[in-house]
Amino acid sequence: MVASAGIVSTPLFWLLDKPDTGQLVGASVQSAVGIVALLWALFQRPAAPGPSDAAIDTGRAEATDGGTAGTGIRRRGGGHGSAQAERTGDATASGPGSAAGSGIDYS
């Protein structure tokens, strides 16, 4: 907080006390840099809340007789955070009640 007050007050003191050329240029540069820094901070994207999962180059998965097979990412109850699935393997299911998935499953 004290640092912020010092940064803001320096150009003000220069400009209020009949500034010479150097002080005017210094105050202008400091103000411009402050504005650019503020704009940069406002446009930063916040990190995604929640987990960050990745499934890359996964192998083959097979489910039979009521089983479940998956070669990617499964998040029960919806997805929060980031998920990435690339080049996932084959997922096959055979038999009654079997299920297979490849990629991202939010069910």
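Residues are numbered from 1 along each chain as its sequence is written. Because the model is predicted, local features need pLDDT of at least 70 and side-chain atom pairs count only at pLDDT 80 or more, while totals for chains, interfaces and linings use all residues; side-chain values use heavy atoms, with hydrogens and water left out.

**Salt bridges**

Side chains of opposite charge can pair when their charged atoms come close. A salt bridge is taken here as a side-chain nitrogen of Lys or Arg within 4 Å of a carboxyl oxygen of Asp or Glu. By this rule the count comes to five salt bridges, including those tabulated below.

| Salt bridge | N to O distance |
|---|---|
| Arg-60 and Glu-62 | 3.1 Å |
| Asp-105 and Arg-74 | 3.6 Å |
| Arg-87 and Glu-86 | 3.5 Å |

Strands are DSSP runs of E with at least two residues, and helices are runs of H or I with at least four, numbered from the N terminus.

Exposure is stated as relative accessible area: buried is under 20%, exposed over 50%, and partly exposed in between (1.4 Å probe, protein chains only). Asp-105 is partly exposed at 31%, and Arg-74 is partly exposed at 44%. Both Arg-60 and Glu-62 are exposed. Arg-87 is exposed at 55%, whereas Glu-86 is partly exposed at 29%. Through salt bridges that share partners, Asp-57, Glu-86 and Arg-87 form one network.

**The largest pocket**

The largest pocket holds about 180 Å³ of space. A pocket is an open set of points on a 1 Å grid over the protein atoms alone where a 1.4 Å probe fits, with protein on both sides within 12 Å along at least five of seven lines; lining residues have an atom within 4 Å of a point. The volume is the space filled by probe spheres set on the points, which are joined across faces, edges and corners. Of the 15 lining residues, Ala-69, Gly-70, Arg-74, Gly-101 and Asp-105 are the closest to the centre. Strands β3 (68-70), β4, β7 (99-101) and β8 each give two or more residues to the lining.

**Helix α2**

Helix α2 (residues 21-42) has 22 residues. From first C-alpha to last, α2 reaches 32 Å, close to the 32 Å expected at 1.5 Å a residue, where the expected span is 1.5 Å times one less than the number of residues. At the start of α2, a side-chain oxygen of Asp-20 comes to within 3.2 Å of the backbone nitrogen of Gly-22.

Conventions: A polar contact is a pair of N or O atoms within 3.5 Å; within protein, one must be able to donate a hydrogen and the other to accept it, and residues adjacent in sequence count only if both atoms are side-chain atoms.
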